[in-house]
Amino acid sequence: MPHDARHGRARDLFTVWFGANVMILTVVTGTLGPAIFHLGFAASLLAIACGNLAGGIFMALHAAQGPTLGVPQMVQSRGQFGLWGAAAIMILVVIMYGGFAASNLALGGTACARIAPFLGHGGGIAAMVGFSAVPAVFGYRLIHAANRFATVTGAIGFVALAIATMPLWLSPTLWTTGHWSVAGFVGALSISAVWQLAYAPFVSDYARYLPTGSQGSRHAFTATYGGSVAGSMLAMILGALIGASGIRDATDYLLHAGGLGHAGLALLMPGLMTANAMCLYCGALCAIGVAQTFRPKARFGAGSRISLTLVIAAATTLAGAAMSRDFLDSYTSMLAILMTMMVPWTAINLADYYLVRHGHYDVDAFFAPDGGRYGLIDWRACCAYVAGVLIQVPLIANPLYTGPLAFALGGIDLSWVAGLVGTGVLFLVLARSRIST
């Protein structure tokens with residue numbers, strides 16, 4: 001983004017990430033501590049706070065790169081992985097966007113069908129796709145406007161739901177049900193952390209419109225961190241309350257919590273739609289990045305982006321319908337896979353940007369057909385990435401799979417910590433032989 005075309009404001013970043021997080025999917029994520037990891041309410045609250053506060057730091061450090069470089073995050077990854085290497089990561093990110101969009105559609109479709117029974121489940125998903133596709137098709141400015149609207153409706157909706165769930169808050173058994181376990185606490189903390197890390201591949205896509213310089217980067221970090229962590233924690237705390245009360249289906253409970261429950265749930269829907277729109281929009285941009293890698297002379301304009309947006313929307317609609325059958329297990333499994341794939345990328349990107357190159361990149365080389373000074377494949381980064389995935393496998397502990405080391409540790413999931421630290425250290429060792437830019 002040229003410096004004379006920068007027009008963004010830091011406060012817009014706050015509403016983008018607050019509005020996109022105050023939604024029903026975040027509420028359901030908060031229920032996983034009690035529902036999947038069998039934690040009590042107090043332990044779930046602590047896990048939510050620690051996970052979001054820690055994961056948000058890494059996520060916001062990506063956002064701070066936007067004002068300096070002025071390019072989408074995954075384009076900047078060409079500086080670490082090379083042109084073809086970054087394309088492989090982009091494909092994984094498109095799949096990640098699709099997974100979150102499918103989750104939103106599965107949950108949102110169910111909620112829409114229950115709020116408006118005449119729609120039916122299929123009609124609810126179709127309504128979600130339609131409302132999500134409009135901001136995604138029109139792009140950046142409408143997404144910002146939609147998120148400002150979702151910030152207001154989400155805040156009001158949260159208050160309505162907090163009142164609607166008052167009987168749960170006043171329950172004498174709220175603080176005594178469930179139990180504490182290190183494995184469960186770490187598992188719930190990891191879910192909250194990966195929720196924040198999942199935004200890392202595209203937070204700088206919105207921060208790149210801010211003015212350049214250290215002040216722009218600092219504002220991008222603060223606004224993104226504050227909006228995302230505040231929105232996530234509010235919604236997850238509500239979910240933890242519902243889950244700790246022995247309720248597995250948060251949507252169903254809220255719909256039966258009277259008029260305020262209906263109203264509050266409806267007011268959270270714009271946040272879900274805007275989050276879905278962001279997944280579709282950024283997924284299409286990443287898909288274009290992959291296409292440009294192998295067809296550098298082709299022109300990909302608004303028509304290409306819109307077509308890809310609609311294709312991704314159609315694919316996620318089918319996936320969302322499939323996930324609806326057993327949502328919690330499908331969603332938990334998706335988060336586990338997502339964590340394993342994205343943690344090594346985060347470690348490499350942050351280590352390269354902050355510790356190796358100190359923010360100095362040849363931006364023009366990102367768009368060179370041969371990768372410019374960064375080449376087609378940087379084997380150092382690619383090897384570190386593969387090693388980072390493999391490091392995690394023995395330490396994974398979730399309903400989908402438990403590795404041997406995690407089993408020996410009593411089911412404690414330290415995979416993402418090992419992935420961050422191990423990948424980062426390995427990459428720094430390998431990067432010593434790289435020619436400085």
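What follows is a chat about the pockets, cavities, helices and a few single residues of a predicted model.

Reader: Before we dig in, what kind of model is this, and what pLDDT do local features need?
Author: The model is predicted, so to speak: local features need pLDDT of at least 70, side-chain atom pairs count only at pLDDT 80 or more, and totals for chains, interfaces and linings use all residues. Residues are numbered from 1 along each chain as its sequence is written, and side-chain values use heavy atoms, with hydrogens and water left out.

Reader: OK, how much space lies in the largest pocket?
Author: About 470 Å³. A pocket here is an open set of points on a 1 Å grid over the protein atoms alone, with protein on both sides within 12 Å along at least five of seven lines; a cavity is a set of points where a 1.4 Å probe fits but cannot get out. The volume is the space filled by probe spheres set on the points, which are joined across faces, edges and corners.

Reader: What classes of residue are in the lining of the largest pocket?
Author: There are 14 nonpolar, four polar and four charged residues. Ala, Val, Leu, Ile, Met, Phe, Trp, Tyr, Cys and Pro count as nonpolar, Asp, Glu, Lys and Arg as charged, and the others, Gly among them, as polar.

Reader: Back to H6. How far does it span between its end C-alpha atoms?
Author: H6 spans only 45 Å, while a straight helix of 38 residues would span 56 Å at 1.5 Å a residue. That expected span is 1.5 Å times one less than the number of residues.

Reader: Where is the kink in H6 centred?
Author: On Trp-84, and the kink is about 90°. The bend at a residue is the angle between axes fitted to the seven residues ending there and the seven starting there.

Reader: How many residues of H6 are buried?
Author: 30 of its 38, so H6 counts as mostly covered, because buried means under 20% relative accessible area (1.4 Å probe, protein chains only), with exposed over 50% and partly exposed in between.

Reader: Switching to cavities: how many of 30 Å³ or more does the structure hold?
Author: Three. The largest cavity has about 120 Å³ of space and is lined by 13 residues, with Phe-100, Tyr-199, Phe-202, Ala-275 and Cys-279 nearest its centre.

Reader: Which helix gives the most there?
Author: H6 again, with four residues. By class, the lining of the largest cavity has 12 nonpolar, one polar and no charged residues.

Reader: What volume does the second largest cavity have?
Author: About 100 Å³. Of its 15 lining residues, Ile-191, Ala-336, Met-339, Asn-398 and Asp-413 are the closest to the centre. Helix H16 (327–356) gives the largest share of that lining, five residues, and the classes are eight nonpolar, six polar and one charged.

Reader: I clicked on Ser-190. Which helix is it in?
Author: Ser-190 is in helix H10 (residues 182–197). Leaving aside neighbours within four places in sequence, Ser-190 is in contact with Met-339, Asp-413 and Trp-416, where contact means heavy atoms within 4.5 Å.

Reader: Why does Ser-190 count as buried?
Author: Because its relative accessible area is 2%. Ser-190 and Val-417 are 227 residues apart in sequence, yet 9.0 Å apart in space, C-alpha to C-alpha.

Reader: What about Gln-392, buried or exposed?
Author: Gln-392 is buried, with a relative accessible area of 0%. Gln-392 is found in helix H17 (residues 379–392) and touches, among others, Met-339, Trp-416 and Gly-419.

Reader: Last one: what is phi of His-358?
Author: Near 55°, a positive value in a residue other than glycine. His-358 is in the loop between H16 and H17, and is exposed, with a relative accessible area of 54%.

Key. On a 1 Å grid over the protein atoms alone, a cavity is a set of points where a 1.4 Å probe fits but cannot get out, and a pocket is an open set with protein on both sides within 12 Å along at least five of seven lines; lining residues have an atom within 4 Å of a point. Helices (H or I, at least four residues) and strands (E, at least two) are DSSP runs, numbered from the N terminus.
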